[in-house]
Amino acid sequence: MSKLKLIIKREFIAKVRNKSFIVMTFLSPLITVGMGALVYFFMKKNDEKVKKIVYVDESRLFSKDDFSDSKTIHYEDFTSVGIDETKKKVEAGDYYGVLIVPKIDSLEILATSIEFYSKESPSLSLINSLESKIESKLRNTKLTNLGIDLDKIASSKIKTQIKMFDFSGEESSKLINGLKIGVGAIAGYLLMMFVIIYGSSVMRSVIEEKTSRIIEIIVSSVKPFQLMLGKIIGNASAGLLQFLIWGVLLFIIGTVAASFFGLSFTELQTSGVSAEQLETAKQAVGADKMQLVIQEILRLPILKMFVLFIFYFLGGFMLYSSLFAAVGAAVDNETDTQQFMLPIMLPLILGVYVGFATVINDPHGSIPVIFSHIPFTSPIVMLMRVPFGVSWGELVISMSLLVATFVFMVWLAAKIYRVGILMYGKKPTYKDLYKWLKYKG
Amino acid sequence: MKNLLEINNVIKTYGNYTALNNVSLQIPKGSVFGLLGPNGAGKTSLIRIINQITMPDSGTIFLDGEPLSPKHIADIGYLPEERGLYKSMKVGEQALYLAQLKGLSKEEAKKRLKYWFEKFDIASWWDKKIEELSKGMAQKVQFIVTVMHQPKLLIFDEPFSGFDPINAQLIAKEILQLRDEGATIIFSTHRMESVEELCDDIALIHKSNKILDGKLTDIKRKFRSNVYQIGLSTENNDAVSSILHQNFEVLPADFKLFGDEFICNVRLSKNQSSNDLLSVLSNQGEVKHFVELIPSANDIFIEAVSKNN
């Protein structure tokens, strides 16, 4: 077995056997799904409590039909009780609040004179819903007063929905655009997290070899470059393994959860989409909600995205972890790493911010295009753009730039690494690092 | 081929600092070669160059007649002064890994490890993690890892640090046995008594330069001072003293004998022999103690270094 293979194997096993790796790998999908289920459960529980709201309508404009009960709000007409008595009753009883409509003839003045009293400050959605109920009643009354037939107005309503296509004939919708943004953002963010987590794991492993002083024994058997490369590849393999396990676990848990929750899981999936959009999309595909979402996801270039995620993860990881390795070699302990970490973290964070800020508005605008070609940000920004369709030509340029840069950075980092691993004592400055670059052999 | 390792005119600089200035050494095959020098003299730089951890700026190195190259890594075993093992890795796994890095196959490595683990009576440690072992125990594992690929050249940098006297003796015995089996050993240390005990040849490096090298016995001869320690049982100490002062250079002495003998050190001049001194002494009383003061490695080290400061 070649030495590089031996090193990769050792680094991989050392990483994978680590307790934190096992915990992270198997627990985080469970936690993610568990948190989701918990939030959903709380949301449901929160809504289950029915609020009782009473109204006193002195204008006699409103009827019971105007305040129709919803799942969470139950309305009661207390007009006959009188304002003062109602207020007392509400305050003492099991009521949420009272809506008071005074007797004012002018609809305009009435519109701003209605009051709502409650024990606690009401949620924005509750007030919005009350306001819209009142508004529509007042508008209809006004229209009737003006002699306009309400039925005619209702029948004149028309819905517009633009169907979107690209020139390959692929149909898209608002729903799928939202999905694209979500999937791209998750991929980009995940990549950043992986690079940081596994990059610092490379760094720690370098520092461990330095502090345990085994480094001199190892480098008397293998070239420092081989050791560094083996470490990077070993950790990257562990990262990929973790990613794959997550994928499989999420798929299994998702399937189990879906069948367990049945319809409620479907609701969760589509809660962000308005009923109107769903209705149109439903007609377009002729399927129910769950199937629709699944179909839309399946229409994303999943295989392409998967392959590109792996590629950009490996490329970005090689690029950054070689820097992490150089930093680990330069210092004696983890606390000394901080001054060198900032320049490494900065482009990563910039990539995520630029991605979130610009890709959502215009995936093919000049800023995201530029950042998806700069090798330090391209893995993140390009992954965010990929769901919107990026031409292979552009991808090849971006990927080649990334490969060229990581080869260069690995070479550069190896020079610092080679000197740094045998240096103890003084914390090096950037000037020292520059000097090390120029050392021969 | 008489020399296993030939180092010719090696120069190594780090920036403006010269770590090795034109150093040449010949290390005879099958010898224990003491590489001596104060801290920061350049020993570690030289050892790292021999191990191909770093490259010299100029100069050539031949191992067994061939220019030193990466294929020789398997021919060298190195125990650095600052050493350690992966703390959270198991002893056996770790030893196998390090052996394989030196080019042994897994099966061969297992076989040899078994031999050494039994020899040192540590077979039960195989599945223990290094962090569970004491420092001395870990040093034993380290020693095995250094020698198990049966290299032609072994480099020990302060091998006895961290060992108690009993284990240090065990390691010293192993080192001599390895030499007798044909290995050549470079031995770097500050402990001069172990130099006396183990080394056949030595080289002294000081401030990046080699200031002394050769067979230990030759060097001692070169540094001999012709001083004899004498102890004489006599009636009249003053008479003896005056006779000695007339004929020889007498130096104060500081050593102990059993009784209240007359003691002193005498330095002979070039045309005086020890027999001349002895015949004078034997007329004055009973000679109880008569020994040439041979300079110790320690004396040589201090003298050579202070002369070159």
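User: Is Asn9(B) buried, exposed or partly exposed?

Analyst: Asn9(B) is partly exposed, because 13 other C-beta atoms lie within 10 Å. A residue is buried with 20 or more other C-beta atoms within 10 Å of its own, exposed with 12 or fewer, and partly exposed in between; C-beta atoms are placed from the backbone. One caution: this is a predicted model, where local features need pLDDT of at least 70 and side-chain atom pairs count only at pLDDT 80 or more, while totals for chains, interfaces and linings use all residues. Residues are numbered from 1 along each chain as its sequence is written, and chains are lettered from A and ligands numbered from 1 in the order in which they are written.

User: Where is Asn9(B)?

Analyst: Asn9(B) sits in strand β1 (residues 3–14) of chain B. Helices (H or I, at least four residues) and strands (E, at least two) are DSSP runs, numbered from the N terminus. Asn9(B) has a positive phi of about 50 degrees, although it is not a glycine.

User: And what about the phi of Asn226(B)?

Analyst: Asn226(B) has a positive phi of about 60 degrees and is not a glycine. Its place is the loop between α7 (216–222) and β11 (227–233) of chain B. Asn226(B) is partly exposed, with 15 other C-beta atoms within 10 Å.

User: How does α2(B) cross α3(B)?

Analyst: The axes of α2(B) and helix α3 (residues 106–119) of chain B come within 9 Å and cross at roughly 125 degrees. So α2(B) is oblique to α3(B). Axes are lines fitted to C-alpha atoms, for helices over the stretch in contact, and angles run from 0 to 180 degrees between N-to-C directions. Under 35 degrees counts as roughly parallel, over 145 as roughly antiparallel, 65 to 115 as roughly perpendicular and the rest as oblique.

User: Which residues make that contact between α2(B) and α3(B)?

Analyst: From α2(B) come Ala95(B), Leu96(B), Ala99(B) and Gln100(B); from α3(B) come Lys106(B), Ala109(B), Lys110(B) and Leu113(B). They divide into five nonpolar, one polar and two charged.

User: What about α16(A) and α17(A), at what angle do they pack?

Analyst: Helix α16 (residues 378–385) and helix α17 (residues 392–420) of chain A pack at about 160 degrees, with their axes 11 Å apart. That makes α16(A) roughly antiparallel to α17(A). Ser378(A), Pro379(A) and Met382(A) in α16(A) meet Ser398(A), Leu401(A) and Leu402(A) in α17(A).

User: How many residues are in the largest nonpolar core?

Analyst: It has 133 residues, and those with the most contacts inside it are Ala325(A) and Ile155(B). Helix α13 (residues 302–330) of chain A gives the most to this core, with 15 residues. A nonpolar core is a set of buried Ala, Val, Leu, Ile, Met, Phe, Trp, Tyr and Cys residues joined through C-beta atoms within 7 Å.

User: How many helices and strands does chain A have?

Analyst: Chain A has 18 helices and six strands. Buried residues make up 30% of its 441 residues.

Technical notes:
Contact = placed C-beta atoms within 7 Å. Nonpolar A, V, L, I, M, F, W, Y, C, P; charged D, E, K, R; others polar.
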